[in-house]
Amino acid sequence: MSVFYLIYTSKITLQASLHTMALPDIYRQSVARNTQANVNSVLFFKQGNFLHYMEGSEHTITQLFDKIKADKRHRNIRVIEQGQAPNALFGHWKMHCINLDSVNDMDDVDDISPLLDYFETAQFDSASVPRLLADVENYYRSGKWQRHQHTNFDKGSYSHAKLRRLGFKHRYFLWIQLGFLLLFLLLMVYWVLQNRVHWAGLNHPLSALTGFLAAAL
């Protein structure tokens, strides 16, 4: 039995990215809505970008997409492809989320599709999507998705998670900067102790700082 499908991309809004429950709410609401409407879908998310595939009756998908377009949690909505397919691809996925930001092992990504190594909204078009869907269908039929733990959205804002990832990526640079800061503070304390007699004769605390900077330079 043929089904209607639609696939689109969008980007999370700044307001939604700061909300700790935005992504879990999207998942929870979509599961309930898709189950009621008998729609299957899979949603990819990475670095603030969504890629969403939906399948069901044309009337239902059209109505559902109208509601999705009105959702203020995303923007830059772009339909990549829509049409009729000979059969449903994901019968057991009323709403399956693949959160690529939570994947630690790139082998897990390759289990789904090598195309996801280079996930960017702008890179997906009507030429690449069939390849991606074929890979995801194989992943679905293999049953590997049942043991992967990165497929749903955890509680926590996307922006905070992004800051944590940036902090981890640049942790050595941050440690070096912290070391320089501690060294500066130690030198300042040493200078104050060495000049404590002169300090008592200063009229204003800013004079001490000015004197320290002048001596350092």
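The points below move from the chain as a whole to the sheet and then to single residues.

This is a predicted model, in which local features need pLDDT of at least 70 and side-chain atom pairs count only at pLDDT 80 or more, while totals for chains, interfaces and linings use all residues. Residues are numbered from 1 along each chain as its sequence is written, and side-chain values use heavy atoms, with hydrogens and water left out.

**Overall fold**

- The protein chain has nine helices and five strands (DSSP runs numbered from the N terminus: helices are H or I of at least four residues, strands are E of at least two).
- Along the sequence, these elements follow the pattern β-α-α-β-β-α-β-β-α-α-α-α-α-α.
- Of the 217 residues in the protein chain, 39% are buried (under 20% relative accessible area, with exposed over 50% and partly exposed in between; 1.4 Å probe, protein chains only).
- Among contacts (heavy atoms within 4.5 Å) with a separation of 6 or more, 77% link residues 24 or more positions apart.
- The accessible surface comes to about 13300 Å², and carbon and sulfur atoms contribute 59% of this area (Shrake-Rupley method, 1.4 Å probe; for residues, only the protein chains shown count as cover).

- Five strands form an open sheet in the order 4-1-3-2-5, with mixed pairing (two strands pair if DSSP finds at least two bridges between them).
- Strand 4 (74-85) and strand 5 (96-99) each have a single partner strand, so one side of each lacks a neighbour in the sheet.
- On average, neighbouring strands are turned by 15° against each other, direction ignored (axes are lines fitted to C-alpha atoms, for helices over the stretch in contact; angles run from 0 to 180 degrees between N-to-C directions).

**Strand 3 and its partners**

- Strand 2 (residues 40-46) and strand 3 (residues 49-56) run antiparallel and are joined by seven bridges; Lys46 stands opposite Asn49.
- Two residues lie between these strands in their hairpin, where Gln47 takes a positive phi near 50°.
- Strand 1 also runs antiparallel to strand 3, through eight bridges, and Tyr5 has Glu55 as its bridge partner.
- Strand 3 is largely enclosed by the rest of the structure, because eight of its eight residues are buried.

**Helix 2**

- Helix 2 packs on the sheet, touching strand 1 (3-12), strand 2, strand 3 and strand 5, and its direction makes about 170° with that of strand 2.
- Leu23 lies in helix 2 (residues 22-37) and is buried, with a relative accessible area of 6%.
- Leu23 and Arg73 are 50 residues apart in sequence, with a C-alpha to C-alpha distance of 9.2 Å.
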